[in-house]
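Hello,

Here is the structure I promised to pass on.

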Protein chains: 2
Amino acid sequence: MRILHTIPQEDGFRMPAEFEEHEGCILIFPHRRDSWQNGAYAARKAFKEVIDIISLSEKVTVCARYDDYDSARFLLGENVRVIEMESDDSWARDVAPTFVTNGSELRGIDWGFNAWGGLEDGLYFPWDKDNKMARKLCDLLDADTYHQRDFILEGGSIHTDGQGTILTTEACLLSAGRNPRMSKQEIEDHLKRCLGGEKVIWLPCGIYQDETNEHVDNICAFTSPGEVVLAWTEDKSDPQYAMSAACLSVLQQAKDARGRSFRVHLLPLPRPVTITAEECDGLDDMNGEPTRTPGERLAASYVNFYIANHHVVCPQFGDENDQTALQILQKLFPTRKVVGVYARDILIGGGNIHCITQQIPKIQSR
Amino acid sequence: MRILHTIPQEDGFRMPAEFEEHEGCILIFPHRRDSWQNGAYAARKAFKEVIDIISLSEKVTVCARYDDYDSARFLLGENVRVIEMESDDSWARDVAPTFVTNGSELRGIDWGFNAWGGLEDGLYFPWDKDNKMARKLCDLLDADTYHQRDFILEGGSIHTDGQGTILTTEACLLSAGRNPRMSKQEIEDHLKRCLGGEKVIWLPCGIYQDETNEHVDNICAFTSPGEVVLAWTEDKSDPQYAMSAACLSVLQQAKDARGRSFRVHLLPLPRPVTITAEECDGLDDMNGEPTRTPGERLAASYVNFYIANHHVVCPQFGDENDQTALQILQKLFPTRKVVGVYARDILIGGGNIHCITQQIPKIQSR
């Protein structure tokens, strides 16, 4: 593995869209007791359900800490590869490399990771194990790695259509805990150069109380070039209403890198999901303080799905909109089977199915 | 990865000879401070020299502990793959899988490992990290693994010609610290069934003071079917003389699995190599006791070479026989370049170049 200090776009590399073909998918076996209730017992079962579906059409690699290797190996299917790798938490989307390709070669971008905000408003300390994972995953895959550790970015804060358009949120990328010394324009230019893009669409915000500073992958996602889904509520008393409306307004006025207007498909949100006292009790403390508060609203959204080669894996919350979300997505992904996974036990950790996955694009020669 | 409880030979699998083509080679980045002087500083340099040569013709994967990943990545070449894996020590020959193949598929045997003798006469405690490596390496390589953890064996205690003949030593395989409840015949039968062999040649012993209970790979090795090198001294006052002579006697009377007599090439030993007080001082204690004693004789032998695809990497000791050993080996390996590496800093750990490597056989479909 070479550690590269050049720029992907200048090397002829770009980030493919998630709906392009994958070689495989990376996840991390959950373990953090202050993120996942009951020693991550239920989260592991939920991760396994997600993995079982993805592994039907993709080679899945799961990173397990030394202490968890045997448990992961025992729980997961024979077609899943479990490899040893230390981590602070389990969000492959945000700590695994963002993969780029020139069509015949795979490379990974090793962004800086500081637990969604570092000492400003990060979610845990320290985060050094997580920050080292992207390079190690490139090494594992024999992919050269772009050294971008001086630029703080999580994979969940960007989406691309693979045709030059990048989608992100101002709430996250302009947050004080990431790259405060860079202007919006500098960040935009850097994104384009790293991801091989020509246009950045800045949504103002994401999902209410999303503790990632409102990652785009929880509110809006490409389903094909020129088409997106947007998390939506009709309840004007919900703080989310104004947030989703503001995003819709941007999308309605925007054109993508190829000059197309967006077809925006509204994906209803579940009714607010709040954490119970019993669930809170199952979470270990963080530095002597409770991790979550009973009644706290979680950032539930159906947009947090993963597009596998043959499936779309979409979170379910036991809500009346569960089926509606699946039906809308099934129409938008006619060549894939849309499958729901009850994901409350992932949501308690703060993210969802998209957040725990990272796709490896398919390369012709590989 | 499937965990198999069947028997390789019955599944049509066999262990290829080391001189058959390799897909790659596995090593472990040294770290153990009571095995390697000065925090393994010099050992790492010596390992790197070995790796640099092997990686000219094989894909090298180096397992580094979490704490050592960055150091290993920095030290080793770009064409070397560094992966994270905890270990107790650094002898890939003995803790990595013994790979077997049916010609189109690779599988690994996960023998039990107890640090060369367990509580009887093992060299350190605990050894659980080492014992878990074989399975994890199979997982990494997407190779199914034969569960043989109930049978204690190190890869350094066996050699094969790939044509049904297995070479081992009684001193090691019949030791009290390995499989004391099995008879010699039972062990022989088990070896044949696991390695796909038809005949086991039992050498009585190995190299004097070899703390592995005298692994075969330090005294005798196949250079081609029907031909072996045997570590030899002409000094009749050396305890090694009688040991090598006893092995020679067995080899002269034996026939291999195909009915051939052996051509035995005597490979001179270096003069006795003893550890200095300064070297001992560089070793951390083990449980409050010195690890080695100044003047202690080390099990130096030129037989402990590694056969790479295009090279043979042979230890050198600054001895007058260094060149002779290379010349003898060069004649026996006419299609490979025989290269010496000054290996005193590996020898201090107790083994040598063959001990720190484990080849992955080449499979047609891979």
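Below is what I found, going from the single chain to the pairing and then to one residue.

A word on conventions: this is a predicted model, in which local features need pLDDT of at least 70, side-chain atom pairs count only at pLDDT 80 or more, and totals for chains, interfaces and linings use all residues. Residues are numbered from 1 along each chain as its sequence is written, while chains are lettered from A and ligands numbered from 1 in the order in which they are written.

Let's start with chain A. It has eleven helices and 19 strands (DSSP runs numbered from the N terminus: H or I with at least four residues for helices, E with at least two for strands). The C-alpha trace spans about 50 × 50 × 45 Å along its principal axes. For 366 residues, a compact globule would have a radius of gyration near 21 Å, and the 19 Å of chain A agrees with that (taken over C-alpha atoms; the rule is 2.2 Å times the number of residues to the power 0.38). Of these 366 residues, 53% count as buried, meaning that 20 or more other C-beta atoms, placed from the backbone, lie within 10 Å of the residue's own.

Now to the pairing. Here, 16 residues of chain A are in contact with 16 residues of chain B (C-beta atoms, placed from the backbone, within 7 Å). On the chain A side, α2 (69-75), β4 (81-84) and α5 (128-140) each supply at least two residues, and the largest share, four residues, comes from β4(A). By type, that side divides into seven nonpolar, no polar and nine charged residues (nonpolar: Ala, Val, Leu, Ile, Met, Phe, Trp, Tyr, Cys and Pro; charged: Asp, Glu, Lys and Arg; polar: the others, Gly among them).

How are the two copies related? The same surface serves both copies, as 100% of the contact residues of chain A recur in chain B.

Finally, one residue to look up: Thr233(B), in the loop between β12 (227-232) and α9 (239-253) of chain B. Thr233(B) is buried, because 21 other C-beta atoms lie within 10 Å. Beyond its neighbours within four places in sequence, its contacts include Tyr241(B) and Pro268(B).

Best wishes

Conventions. Two residues are in contact if their C-beta atoms, placed from the backbone, lie within 7 Å. A residue is buried if 20 or more other C-beta atoms lie within 10 Å of its own, exposed if 12 or fewer, and partly exposed in between; C-beta atoms are placed from the backbone.
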